[in-house]
Amino acid sequence: MDAKSGIIAVVLLATVMMTGCQQSDMPQENAVYYWRTEWRTDSVERAFLQQYHINKIYCRYFDVVMNSDGEPMPNATIRFVQDQLANIKLIPTVFITEDCMHKAHNGLAKKLVDRIVQMNETNDITGVDELQIDCDYTARSRKTYYDFLQAVRDEAKKHGIRLSTTIRLHQLSMPVPPADYGVLMIYNTGDPNKFNERNPILDIRDVQPYLRYLADYELPLAAAYPTFRWIRNYQNLHLEHAAEPDEILKVKEAMEKKRPELRNTILTYHLDKDNINHYKPETYEAIYHH
């Protein structure tokens, strides 16, 4: 092998190694979102966690919304009425409305991290080494949101906490955010006002246009799938929306074909007895299959 061939071989090897690292950055583990305003689990929910070997709960601590003075403020803070579950790691998760990111708010990142740390201490929640920020940011708010995320990341590091963020399908076409990894939210893909045409929670036809971004998205990704229902009134009709099991698994297969890493860390949204009972065990087994 001449010198030129040797250099090419080294470059190819490095490229393969870097690609492999990207696809294996996420550990194999099962997780679930908890999106209620009171921390309380019943026997059905605890059995669910055990049956599907779930060791992480992404728990919504509070929302951040704009008040009447145009300043961000916490809203709908969770109340912990039960102790932390044994052998389950809690990931504090905060939802921020997109309008909060239309302009920068000095000190917001520190206030948010300090509030999470204080809530953990007050409620004897231990072992927290990560927090997650959830925001449906757009092209308009992306720059401000990314600056905010970087500030949160810097503050969190002072407490030994890393940062993840949610990624919606339409955000895959944007530059990646400054986070340790993202959770790809593979639900709410359609227009709820066009329910006669497609299931607004999940339809592979709404997912397919975004598949082309998956392979080259330069951030480690976990995958979150819908196991919830919408029940609402629309023009005097009582409507219930839920993702069909076959549709969830069809989308899962398509996503993992484009991005094998997505079969590693798998979440469902969200932990609730009614949601658990709505799907058969074999559906959950297939969703959580690595």
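Predicted model: local features only at pLDDT ≥ 70, side-chain atom pairs only at ≥ 80, totals over all residues.

Totals for chains, interfaces and linings use all residues, and side-chain values use heavy atoms, with hydrogens and water left out.

Select residues 108-122, helix α3. Helices (H or I, at least four residues) and strands (E, at least two) are DSSP runs, numbered from the N terminus. Helix α3 has 15 residues and reaches 21 Å from its first C-alpha to its last, close to the 21 Å expected at 1.5 Å a residue; the expected span is 1.5 Å times one less than the number of residues.

Colour the buried positions of α3: Leu 108, Ala 109, Leu 112, Val 113, Ile 116, Val 117, Met 119 and Asn 120. Buried means under 20% relative accessible area, exposed over 50%, and partly exposed in between (1.4 Å probe, protein chains only). Their cover includes β3 (54-66), β4 (72-75), β5 (79-80), β6 (89-96), β7 (130-134) and α4 (142-157); contact means heavy atoms within 4.5 Å. Following α3 is Asp 124, with a positive phi near 55°.

Arg 115 lies over the face of Phe 62, at 4.6 Å from the ring centre. A charge sits over a ring if NZ of Lys or CZ of Arg is within 6 Å of the ring centre and within 35 degrees of the ring normal.

Move to α4. The end C-alpha atoms of α4 are 22 Å apart, which agrees with the 22 Å that its 16 residues should span at 1.5 Å a residue. Its buried residues include Thr 144, Phe 148, Leu 149, Val 152 and Arg 153, and the buried residues of α4 pack against β6, α3, β7 and β8 (162-168).

**The core**

Which residues have the most contacts inside the largest nonpolar core? They are Ile 57, Leu 112, Ile 133, Phe 148 and Met 255, in a core of 88 residues. A nonpolar core is a set of buried Ala, Val, Leu, Ile, Met, Phe, Trp, Tyr and Cys residues joined through side-chain atoms within 4.5 Å.

Select 229-234 and 237-242, strands β11 and β12, which run antiparallel and are joined by six bridges. Two strands pair if DSSP finds at least two bridges between them. Arg 232 stands opposite Leu 239, and Tyr 234 stands opposite Leu 237. Two residues lie between the strands of this hairpin, and Gln 235 in the turn has a positive phi of about 50°.

His 241 is in strand β12. Is His 241 buried or exposed? His 241 counts as buried because its relative accessibility is 7%. Leaving aside neighbours within four places in sequence, its contacts are Phe 195, Pro 200, Ile 201, Phe 228, Arg 229, Trp 230 and Arg 232.

**Aromatic rings**

Show the rings of Phe, Tyr and Trp. The whole structure has 20 aromatic pairs. Rings (for Trp, the six-membered ring) pair if their centres lie within 6.5 Å; planes under 30 degrees apart count as stacked, over 60 as edge-to-face and the rest as tilted. Tyr 145 and Tyr 146 form a tilted pair, 6.3 Å centre to centre with 55° between the planes, and both are buried.

Phe 228 and Tyr 269 form an edge-to-face pair, at 5.4 Å and 85°. This pair links distant parts of the chain: Phe 228 is in the loop between β10 (221-226) and β11, and Tyr 269 is in strand β13 (residues 265-269), 41 residues apart. Both Phe 228 and Tyr 269 are buried.

Select 245-258, helix α6, which has 14 residues and reaches 20 Å from first C-alpha to last, close to the 20 Å expected. Its buried residues are Glu 247, Ile 248, Val 251, Lys 252, Ala 254, Met 255 and Glu 256. What covers them includes β9 (181-185), α5 (204-207), β10, β13 and α8 (281-287).

End at Ile 276 in helix α7 (residues 273-278). Ile 276 is buried, with a relative accessible area of 12%. Not counting residues up to four places away in sequence, Ile 276 touches Val 44, Glu 45, Phe 48, Leu 271 and Tyr 284.

Note on methods
Residues numbered from 1 in each chain as written.
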